[in-house]
Amino acid sequence: MSQKPWKSRPDIMNYSRFINAVSAARRVSPIRALTELQQKAPPTLISLAGGMPNPNMFPFETASFTTKDGLNITFGTDTMKRALQYSASAGIPELISWMKDLQKSLHHPPTVNYDPEQGQMDLCVTSGSQEGLSKVFEMLLSPGDSILLDTPTYPGTLTAINPLGCKILSVSSDQHGMIPQSLSDVLSKWKPEEAKNPDSDIPRVLYTIPNGGNPTGASMTADRKREVYQIARKYDLLIIEDDPYYFLQFEKQPWAPSFLSLDVDGRVLRTDSFSKILSSGLRIGFLTGPKPLIDRIILHIQCSTMHTSTFTQLMVMQLLQHWGKNGFLKHVDSVVEFYSKQRDAMLSSAERWLKDEVDWHVPSAGMFFWMKLKGIPDTFQLISKKALQKEVLFVPGQAFMIDGSAPCPYVRAAFSLSTPEQIDQGLQRLSALIKEAV
């Protein structure tokens, strides 16, 4: 695909084109607005408005945490009262500020200094990236709409999309992620100018996991991302960049540019997660994108979860403030080193036990090997029943396909939790299972 120069500033995006009727109908919660106003007010303000519980009635008084490097994080009485109280739906201000600085440092989004209505970069905290994803889909998609995604894909995405009554258009991928030519081929049935017609059935949303894709482990190259972004500009698509494995890239930094770093238009909504590098149970993620769309997500948070746990936000914030950006990235390096060794252990065991029975590509990020079993057209019965008898468990490939009933010869193997010895024994058991089945 020929590369054309990009305009330094885009035409103004028409965000109303993407927002569905339900999201457009959302209004600010007056109680939530009062909560946020009260938390920004001076201490001399007397508020008889909010329905906040009195923190003196909370049974917890202090808390203390010790990190593996010996840092003690202590919540004194005052901090504890704040940690157990309601907070702003977008997230506590200092965590939002820290995360915005991190995004600017890592991705250098072109939209940072745009006007708010023109897609200025904004950010909100979510209860893990899954909450952000679900709310994005519920904001953008209506029954009968089409969404583009590369398959196989994350089952959580499929379970979030399917109840919305959408048409899922599959874009082919390989070991380097989404194939731009396949995306162009799928879109070729429409003319780009149809994007301006509100009655057209042209897709408006593209979803992808660009790094360490779940389940394939594939990562998109920089050139492919640029090509895909250009196609998105041509057809006026929003890109949902779901990147929970961004910090689990095994190659040395600097990493390939993200879609957010290429986004001169304000057409990228990016989900990030601390689940893979700090804690999955804390449920801390963040959603970055154009302010008009982030504002809509915050309105949804106001009437659903209200906000991510104040306690966990403060816990993470104190750790990040102690580390600073350099300390955080040093921790990321240690996490990458661990998972890189786990990946290498699975690769070594696969080469030992499976080279004649299975095809795979070595993942450059994430937690998974995507394995194609030779001579077995469908792995569902083999994995869901017979594998249990061998005391080994994988995920059959059907779980990651748009048509979950179609035969699939793949399995997903995770190397994140098991020891190298367990990985080796597990793949040995898979080898025996395949030999019995073929």
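I begin with a definition: rings of Phe, Tyr and Trp (its six-membered ring) form a pair if their centres lie within 6.5 Å, and planes under 30 degrees apart count as stacked, over 60 as edge-to-face and the rest as tilted. By this rule, ring pairs join Trp98, Tyr246, Phe247, Trp255, Phe274, Phe286 and Phe328 into a cluster.

A word on the source: this is a predicted model, in which local features need pLDDT of at least 70 and side-chain atom pairs count only at pLDDT 80 or more, while totals for chains, interfaces and linings use all residues. Residues are numbered from 1 along each chain as its sequence is written, and side-chain values use heavy atoms, with hydrogens and water left out.

The structure holds 16 aromatic pairs. One of them is formed by Phe247 and Phe328, which are edge-to-face, with 5.5 Å from centre to centre and 85 degrees between the planes. This pair links distant parts of the chain, 81 residues apart: Phe247 is in the loop between strand E9 (238-242) and helix H9 (259-262), and Phe328 is in helix H11 (residues 310-353). Helices (H or I, at least four residues) and strands (E, at least two) are DSSP runs, numbered from the N terminus.

Are Phe247 and Phe328 buried or exposed? Both are buried; the term means under 20% relative accessible area, with exposed over 50% and partly exposed in between (1.4 Å probe, protein chains only).

Tyr246, another member of the cluster, has Arg270 over the face of its ring, at 4.8 Å from the ring centre. A charge sits over a ring if NZ of Lys or CZ of Arg is within 6 Å of the ring centre and within 35 degrees of the ring normal. Lys189 likewise lies over the face of Trp190, at 4.8 Å from the ring centre.

Let us turn to the cores. A nonpolar core is a set of buried Ala, Val, Leu, Ile, Met, Phe, Trp, Tyr and Cys residues joined through side-chain atoms within 4.5 Å. The largest has 95 residues, of which Phe137, Leu140, Phe328 and Met371 touch the most other members. Helix H11 supplies the largest share of this core, 15 residues. A second, separate core of 22 residues includes Tyr229, Ala232, Ile239 and Phe259.
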